[in-house]
Structure formats: structure tokens, C-alpha cells
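User: Please look closely at one part of this model, the backbone of its loops and turns. I would like that part placed in the context of the whole fold and of the ligand surroundings.

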Amino acid sequence: MKPASLFTCRRCGYCCQGETTVSLNDDDRARMVAFLGLSEEETSARYWRVTDGCVQMKTVDGHCIFYNEGCSVHEARPWRCAQWPLHPAILLDPANLSAIRESCPGLRQEVSYDEFCRILKENQEDMERGHRDFIL
Ligand code: SF4
Ligand code: SF4
């Protein structure tokens with residue numbers, strides 16, 4: 001089951017706004033460095049905010065530094081950005097789906113909670129089998 005049954009990105013950029021961003025793990029950092037073609041030191045100096053060992057992307061004018069009417073590092077974006085808005089917390093509580101629907105206009109409103117969870121679980125199982133389609 002394709003995640004498009006649940007979500008179509010509208011490119012509104014809401015998820016890239018704010019004064020903080022997702023944190024980057026080791027794979028995220030390596031992918032970003034390779035994509036940008038810079039050294040890790042240069043990438044960090046230009047684009048990362050490091051706080052107590054937590055690496056996030058810098059923000060500029062209230063949005064992620066890579067946001068420019070879309071994600072300018074789309075192919076190398078952090079895994080948490082690629083996962084959004086199909087967050088596994090949705091499976092835990094209908095309130096989480098409601099909250100994420102308020103944040104992301106791309107989520108289909110007409111899909112019931114039970115149906116949403118069924119498709120999301122199928123998608124997660126596909127991901128675990130290595131058949132993940134990146135969705136944004
Ligand atoms: S993921 Fe949702 S909030 Fe982010 S750009 Fe797409 S539609 Fe907008
Ligand atoms: S890396 Fe891309 S998708 Fe993630 S917050 Fe920044 S601009 Fe948005």
C-alpha cells in the first residue's frame with residue numbers, strides 16, 4: 001500500500017518553519033556532507049547548530065536554513081524529514097493523528113483512524129523489508 005493513500009505533500013513548507021529543526025543522526029550528517037560536497041567542518045560551520053552534542057540545522061528567518069520554496073537538500077534530507085508526517089506515534093493515539101493533521105495539510109482527512117493505522121502499518125512493514133518509497 002502506497003503512503004500516497006494517506007498523504008500527498010502540498011509543498012506548503014509548514015514543516016520546515018520554526019526556530020528549531022529535527023536533529024541529525026550519523027547517517028543524516030554523512031549524507032548531507034556528501035550531497036553538499038563540503039567537508040564536515042565546513043558543513044557544520046555553515047549549516048548546523050550543535051548544542052550539547054545534538055546536531056540540528058540552523059534556522060534563518062524562522063525556517064530551516066535549507067528551506068527555499070521547497071527543500072534544497074531534498075535527496076539528502078534527514079530521515080525525520082523524510083518520515084514526516086507519517087510518524088509512528090500516530091499508531092499510539094488518535095489524538096496524535098489529529099494533531100499532525102492540524103500541522104500538515106497534505107494528510108488525507110477522509111481516511112478513518114483505523115484505516116489510516118492499517119495502511120501506515122503496511123507501509124512500515126514495506127520499509128522494514130527495504131521497499132520504502134521516499135514520499136516527499
Ligand atoms: S509535509 Fe505537510 S506540512 Fe510539510 S510541506 Fe508537505 S504538506 Fe506541507
Ligand atoms: S532539511 Fe529540508 S525538509 Fe527538512 S526541515 Fe530543512 S528544508 Fe525542511
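Analyst: Helices (H or I, at least four residues) and strands (E, at least two) are taken here as DSSP runs, numbered from the N terminus. This is a predicted model, in which local features need pLDDT of at least 70 and side-chain atom pairs count only at pLDDT 80 or more, while totals for chains, interfaces and linings use all residues. Residues are numbered from 1 along each chain as its sequence is written, and chains are lettered from A and ligands numbered from 1 in the order in which they are written.

On that basis the protein chain holds five helices and four strands, and their order along the sequence is α-α-β-β-β-β-α-α-α. The chain is as compact as a globular protein of 136 residues, because its radius of gyration of 16 Å is close to the 14 Å of the globule rule (taken over C-alpha atoms, the rule being 2.2 Å times the number of residues to the power 0.38). Along the principal axes, the C-alpha atoms fill a box of roughly 45 × 35 × 30 Å. Among contacts with a separation of 6 or more, 66% join residues 24 or more positions apart, a contact being two C-beta atoms, placed from the backbone, within 7 Å. Of the 136 residues, 21% are buried; buried means 20 or more other C-beta atoms within 10 Å of a residue's own, exposed 12 or fewer, and partly exposed in between, with C-beta atoms placed from the backbone.

The loops and turns can now be followed along the sequence, starting at the hairpin. Strand 1 (residues 48-51) and strand 2 (residues 54-57) run antiparallel and are joined by four bridges, where pairing requires that DSSP finds at least two bridges between two strands. In this pair R49 stands opposite Q56. Two residues separate the strands, and D52 in this turn has a positive phi of about 50°.

Further on, D61 occupies the loop between strand 3 (59-60) and strand 4 (63-64), and its phi, near 50°, is again positive in a residue other than glycine. With 7 other C-beta atoms within 10 Å, D61 is exposed. The loop between strand 4 and helix 3 contains E69, whose phi is positive as well, near 55°; E69 is likewise exposed, with 7 other C-beta atoms within 10 Å.

The loop between helix 3 (79-83) and helix 4 (94-103) includes D93 and P85. The peptide bond from W84 to P85 is cis, with omega near 5°. Most residues other than glycine have a negative phi, and most peptide bonds are trans. D93 counts as exposed because it has 11 C-beta neighbours inside 10 Å, and its C-alpha lies 36 Å from that of F35, a residue 58 positions away in sequence.

Around ligand 2 stand residues including C16, M57, C64, C71 and C81, in a shell of nine nonpolar, one polar and one charged residues.

Terms used
A residue is near a molecule or strand if its C-beta atom, placed from the backbone, lies within 6 Å of it. Ala, Val, Leu, Ile, Met, Phe, Trp, Tyr, Cys and Pro count as nonpolar, Asp, Glu, Lys and Arg as charged, and the others, Gly among them, as polar.
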